[in-house]
Each structure stands twice: as C-alpha cells, then as structure tokens.
Amino acid sequence: MRTKTSTAEHDSPRGGDPRRGGLQAAHSTGDTPANGTAEAVPYEGGPSSGTDSRRGGLQPALADAASCEVAPADAQGDEVFVAFRDAGFTYDGEQFVFRNLNLTVPQGQFLCLLGGNGSGKSTLAKHINALLVPDEGETLVFGCDTRDPEATYFIRSNAGLVFQNPDDQIVASLIENDVAFGPENLGIPNPELRERVTRALAEVGLQGFEEHETNALSGGQKQRVAIAGVLAMDPAILILDEATAMLDPRGRAGLMRVVRDLHAAGMTVVMITHYMEEAAAAERVVVLDGGEVRLDGTPQEVLTRASELRELSLEVPFACRLSLELQARGVPVGTCVTDEALKEELCALRSKQ
Ligand SMILES: Nc1ncnc2c1ncn2[C@@H]1O[C@H](COP(=O)(O)OP(=O)(O)OP(=O)(O)O)[C@@H](O)[C@H]1O
C-alpha cells in the first residue's frame, strides 16, 4: 500500500488523480467556491469554530494492532514519542551519518532541528517515519522499534512527514481528493473521510476549498494542502522537512501560523528549517553537526550562542545580532532571539528614560 507520508517525495504520481472513488460526488455546500477559481487567500488563523481542536493523540485501534510496548516515560515523566538510543546509521557503503545518537522527543513538544548542509537532519527525520532504520542501537517511535516490520504501518500512519517541494506531494487534481488520499488508503469509510477532509482543510486555513483545483494554488497554499493531507490521516506527530523552504515570506508566515496552532492543539512537531525566526517559534532547538547533537535547549538558550552558531555555518537571528551590537555599545538590553522581544526591551528602556 502506498502511504502519502512515506512516499510523497519519491514516487507520487504527478498530474492527474490516480485514484478511483473519492469524494467528487460526496458533498455540495452552498458556500463552496466554484471549482478551479481558487484565490490566493492569506491564512489568518486556526481552525474554524465548531472544529474539535485537539490534535496529536495516537490512533488507539492501530496502537493495539502493533506489537509495541507502551511508550517509555522520560525523566520528567512525559510520554516519549521518539527515542534514538545509541543509534547509528550509514547509507550503503558510506560513512556514518550519525553514531551513538541519543535524542528523545516527548509527546506534545515542538522541536526544531537546525544544522548545516549534510549534518543529518533529513536522515534523522526519515528515521522518525521508519523510512530509514538504524544500523546500530535503536530508534523507538511511539514505543515501537522501527525495525519491527509489524510496527511499520502503525508508525507511518501516526507520523506524518511533509517535504520541501509541495509539487512533489500533491497527488490529485482536486483538493478534496488529494486530502482524502491518505485516509482513504487507511480504509477510513466515507462519512468520516469527508469529515476528516473538512477538518484538515479548516486547520490549514483552506476551509471551503474542497472543489478547487490543486494546480491553481500558490506554493504556500499547495504546501498547506500537503499538510492537510497528512492531518487527515490523524497523525500523532508532524515532521516538517524544510516545508517552508520553497515558499515566499507570506507563504512561510502562513504555514508557521498553521504549525503553531497545531502545536497549541496538542500536536507533537519536529520541524527542520534553515530560518532562525522559525526556530525561535519552537519550544526546543536541537543543532546537529556531523550527525551529533551540538546544542540542545530552548530557543533563548540556543539561538543566543552567536559564536557557536557561526562556527557551525548557521545564521545568528537578527534580533540576537542587534542586541549584541547594542550591548557592545553600552545599551542595557538582554540578548533577544525575536524582533518582538527586542522591541519590548527597547520600549521598556525608553519608558524608563
Ligand atoms: N540517499 C543517500 N545516499 C547516500 N548518502 C546520502 C543520501 N542522502 C543523504 N546522504 C548523505 O548523508 C549525509 C546527511 O544528509 P542529510 O540529507 O540527512 O543532511 P541534511 O542535514 O538534511 O542536509 P541539508 O540541509 O543539505 O538538506 C550527507 O553527507 C549526505 O550527502
């Protein structure tokens, strides 16, 4: 069976709708826009009212079917969704991408992975979805060993992976069919299938777009459709591998609002990015270098380490650079990672004068 999350980048058919059935005849609401007339509507907020906004639980029926242990707890007692334990991985005949990797992601965390080119971010993301499995040590996802073939289906249907290029992830010419593709493959019956499509589109700010054609969308909208397709599978964790890289600033901002809303609704998020302002929005930032965890902490802890970031060929956030510059000139501001935080500091300083 093809799953949307596991094959989006590699073998998605492009162009026409490859499926039979689907939702073409399944809905007609009075306020649905006409087919093929999608406008570039900016995303302004989270799910529309009336939508159940909780996200990120494991699908229990599937959990029972998999031969997994209950997910282990970490030191704080949080349920751990992802655990790399002394994990090592090499592509065929190549050098290790990572070795002795230890990293856990508790349920509900919004973690951002940073690192220079080739540091192992995408390889790590593919381990979370069991697209790749370790050669050494182990990777546990939802408590399942990713090498257990009986757990693969469970892991993949609960770990949604979104790649960089939205065009590689769109499989249908009509939005509702595209979003329905994954859950349809999971065998979700039609009334629920339709509900999932409607809900997922609302969550990405594309409510009412069911009958629009995918090829009429902007890059940002396409990427939101790709995310809706993953959300319609009701994943417990969302993995975004440079999902904003091909978007313009407006598309990026819209996508980040979607991600923040999903996280606020309980979704566990692992996001790979090269944009520091996106990393600043996460709860935790992990910096990889040569497959090793070099920095791990809150955005404030990690993104203010200007010299280490530069050493790793990473950008230093603008607000951090400016606050360091101001400090060097004797202005008593803290080291900030977001423009908003720096603005607040400067306003507070001004009001004291
Ligand atoms: N399919 C592959 N076969 C062989 N080597 C690979 C393959 N994919 C990645 N690599 C190598 O594995 C290492 C880690 O690559 P990976 O794509 O995980 O890094 P990354 O941090 O995501 O980089 P980028 O930011 O450039 O996407 C690199 O040395 C890369 O060349």
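Predicted model: local features only at pLDDT ≥ 70, side-chain atom pairs only at ≥ 80, totals over all residues.

Trainee: How many residues of the shell around the ligand are polar?

Mentor: The ligand's surroundings include Asn-117, Ser-119, Lys-121 and Thr-123. Among the others listed there are Tyr-91, Glu-94 and Val-97. Sorting the shell by type gives two nonpolar residues and two charged ones, and the polar count is seven.

Trainee: Moving on to the strands, which residue in S2 is the bridge partner of Phe-84?

Mentor: Strand S1 (residues 80-90) pairs with strand S2 (residues 96-106) in the antiparallel sense, over seven bridges. The two form a hairpin with five residues between them, and Gly-93 in the turn has a positive phi of about 70°. Across that pairing, the S2 partner of Phe-84 is Leu-103.

Trainee: And in S4, which residue is the bridge partner of Ala-83?

Mentor: S1 also runs antiparallel to strand S4 (residues 136-141), with five bridges joining them. There, the S4 residue bridged to Ala-83 is Leu-140.

Trainee: What about the domains: which helix gives the most to the side of domain 1 that touches domain 2?

Mentor: Domain 1 covers 4-12 + 53-311, and domain 2 covers 318-352. Their C-alpha centres lie 34 Å apart, and six residues of domain 1 are in contact with five of domain 2. The domain 1 side of that contact has four nonpolar residues, two polar and no charged. Giving the most to it, with three residues, is helix H10 (residues 299-303).

Key
Residues numbered from 1 in each chain as written. Near = placed C-beta within 6 Å. Nonpolar A, V, L, I, M, F, W, Y, C, P; charged D, E, K, R; others polar. Domains from an automatic or database assignment. Contact = placed C-beta atoms within 7 Å. Helix = DSSP H or I, 4+ residues; strand = E, 2+ residues; numbered from the N terminus. Pairing = 2+ DSSP bridges.
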